[in-house]
Amino acid sequence: MSTATATSPVRAVTRSRLFWPAVVLVVLLLANLAFTPDFFALHLRGGHLYGSLIDILHFGAPLILVSLGMTLVIATGGIDLSVGSTVAISGALACLHISESTDPGSLATVLTALGIALGTALVLGAVNGLLVAKAGVQPIIATLILMVAGRGVAQLITDGQIITVTSDPYKMIGGGYWLTMPFAILLSALVVLATVLLTRSTALGLLLESVGGNPVASRLVGIRAMRLVALVYVFSALCAALAGLMVSSNVSAADGNNAGLWIELDAILAVVLGGTSLNGGRFSIGGTVLGALIIQTLSTTVYTIGIPPETTLVFKAFVVIVVCLIQSPVFRAKFAARGARTRRTTRSHTAAPTNREVGA
Amino acid sequence: MNAHALLTRLRGQIPLLVTAVLLVSMFSVGSVQYEGFFSGQVVLNLLIDNAFLLVVAVGMTFVVLTGGIDLSVGAVVALSTMVSAWLVEQHGWPPLLVIPLVLLMGTAGGWLMGWIIHVFEIQPFIVTLAGMFLARGLCYTISVESISITDPQYTAMAQTRIPLGSLFVSPSALIALLVVAVAFVVLHYTRLGRNVYALGGSEQSALLMGLPVQRTKTTVYAISGFCSALGGVLLTFYMLSGYGLHAVGLELDAIAAVVIGGTLLTGGSGYLLGTLLGVLVLGLIQTVISFQGTLSSWWTRIVIGALLFVFIVLQRLITARRR
């Protein structure tokens with residue numbers, strides 16, 4: 001008993017929902033250090049920060065944004081498969097507008113392009129939201145429609161070509177630097193911060209969790225679940241569109257075929273890694289950001305160590321299964337029951353707290 | 001009373017009727033618009049070109065009828081082509097050994113996913129998503145490149161044409177039709193088939209009635225795994241190569257075919273022959289677009305998406321009215 005009370009501050013840390021994702025991230029980063037000794041080094045060159053850590057944040061920024069939107073969708077018990085298509089469509093629309101304008105370098109052109117892309121995303125998200133909230137279609141299926149058709153639409157916009165643009169203000173979004181940091185990092189940090197404030201400083205987060213936890217009970221206590229759910233899909237589409245702008249701006253080109261390909265799966269993975277249950281209910285934005293960074297670090301690691309990049313898929317498959325098993329109440333119950341049985345034979349009485357550690 | 005019963009019966013079949021009407025009208029419009037469209041060979045080509053999709057969609061029908069979903073089918077198809085090509089070409093195994101092995105692998109994989117879904121009560125969506133990652137990843141660990149097949153038995157299967165009067169079909173198309181026939185009998189005339197419908201109608205009730213819920217669920221995913229592997233074998237005949245990027249997005253086509261064929265995504269209601277019609281509609285869209293010539297191929301995806309939208313909304317309207 002005395003050991004339990006003595007380690008309680010440690011336990012408070014280990015039982016935090018962010019603990020395991022953070023451990024995984026740190027382990028991955030340290031693994032990199034073993035292969036590239038100057039992995040943590042940061043250089044200031046020409047007023048810009050360079051280094052592997054900055055790269056991870058920079059290339060992970062779109063994924064963080066998409067995962068952020070996905071977190072809120074999953075918190076309501078839904079899922080949004082259409083984010084990849086939205087990424088492709090928004091990039092294609094923005095690049096098309098800029099490439100067709102007479103003055104691609106002007107700020108006004110770029111702002112109109114952003115307006116068009118985000119406005120379209122608003123409509124796409126609203127369609128998803130209405131299908132799920134109003135028509136009662138299962139989220140997987142409702143968003144599947146846009147996932148299938150969206151790639152075609154993106155191809156149609158770009159006419160099957162890769163549209164390249166040369167526009168300095170547009171390049172800024174995904175490839176520019178501001179205050180020595182890549183602008184994409186700052187932008188995604190800003191969106192994450194705003195979302196955290198919006199969901200945690202107001203009742204919005206609580207309402208979302210309640211809708212995801214038990215839709216019927218939420219309706220009975222007077223929460224307008226329908227509007228909230230629809231709103232969440234709009235938010236997810238907007239995040240995806242912003243990510244799409246970032247991706248296309250970074251390479252100064254829109255590729256209807258490959259932009260945002262499989263990003264929906266990575267985003268779901270990031271959310272699950274971050275400890276948000278796919279069944280809806282409690283969500284953790286901090287966990288999601290860690291999850292997205294884990295995935296990006298993993299991709300970076302795979303490239304720097306020289307493993308064939310394709311094998312990451314096998315690794316991801318195992319991660320998904322393990323994390324889902326740990327989240328599954330049945331699995332935990334079985335595991336706990338077995339643990340309790342063996343512990344009883346080894347005459348120990350501190351079974352209960354250890355059990356909970358296994359579960360967390 | 002009788003008229004009323006007949007009406008409710010008919011209402012459940014509205015999606016199927018709509019699909020049938022759609023198929024006939026698309027074919028008629030195509031025949032009027034394009035020269036050479038109205039021929040038996042165009043219909044048979046639909047079967048030849050979509051044999052693998054048909055087989056995969058049959059497996060998907062079983063899963064969707066129980067209220068589940070299987071996202072791994074496309075990846076399992078790719079893995080089957082890859083393993084076949086790898087064993088036959090690089091290890092010189094005889095095709096007669098490789099094909100049963102591939103089918104066994106697909107079945108076992110599907111069974112395992114079904115087992116995890118049932119025992120640990122994890123959503124089918126996420127388990128089969130992991131299966132998809134795993135199968136695609138395994139393809140790449142075998143080879144990142146496409147492996148082409150030169151084995152005489154495979155090329156013979158690819159080139160054989162079975163004449164039907166002045167027309168012809170491929171062996172793959174016949175195999176696919178055989179799968180449809182067997183699945184039709186299993187689904188509508190056996191105990192397993194009734195269990196599948198019962199499970200989709202209400203898992204709780206099925207359990208209370210003492211039906212073997214666990215066995216049915218794992219069997220359904222095993223069937224889907226088997227059909228995916230068989231679809232992979234047929235695709236190997238068609239493409240004569242194994243490649244990790246084969247059949248990307250096939251799971252979406254299969255789900256679309258099932259939905260357009262009138263199977264409810266919530267499970268419990270649908271027909272296997274509807275899936276056959278659904279596959280034919282998808283194939284016909286492609287044929288019309290290729291006959292049109294000026295339309296780019298990505299219109300296929302947009303049209304499929306739009307059709308999905310219409311049918312899903314139709315399903316909602318019907319189920320809402322039934323309540």
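Thr109(A) is placed in helix α6 of chain A, which spans residues 107–134, helices being DSSP runs of H or I with at least four residues and strands runs of E with at least two, numbered from the N terminus. In this predicted model, local features need a pLDDT of at least 70 and side-chain atom pairs count only at pLDDT 80 or more, whereas totals for chains, interfaces and linings use all residues. Residues are numbered from 1 along each chain as its sequence is written, and chains are lettered from A and ligands numbered from 1 in the order in which they are written.

Thr109(A) is buried, because 20 other C-beta atoms lie within 10 Å; the class requires 20 or more other C-beta atoms within 10 Å of the residue's own, with 12 or fewer counting as exposed and values in between as partly exposed, and with C-beta atoms placed from the backbone. When residues up to four places away in sequence are left out, Thr109(A) touches Ile98(A), Ser101(A), Asp103(A) and Pro104(A), a contact being a pair of residues whose C-beta atoms, placed from the backbone, lie within 7 Å. Between Thr109(A) and Met181(A), 72 residues apart in sequence, the C-alpha to C-alpha distance is 25 Å.

Chain A as a whole contains 17 helices and six strands. Along the principal axes, the C-alpha atoms of chain A fill a box of roughly 80 × 55 × 35 Å. Of the 360 residues in chain A, 46% are buried, and among contacts between residues at least 6 apart in sequence, 76% join residues at least 24 apart.

The contact between the chains takes 32 residues from chain A and 34 residues from chain B. On the side of chain A that touches chain B, α7 (139–158), α15 (312–327) and α16 (329–345) each supply at least two residues, and α7(A) gives the most, with eleven residues.

The pLDDT, the predictor's confidence in each residue from 0 to 100, averages 84 in chain A, where 91% of the residues score at least 70. It stays under 50 over residues 1–5 of chain A, for which the model has two contacts beyond four places in sequence. Over residues 346–360 of chain A the pLDDT is likewise below 50, and this stretch has 14 contacts beyond near neighbours in sequence.
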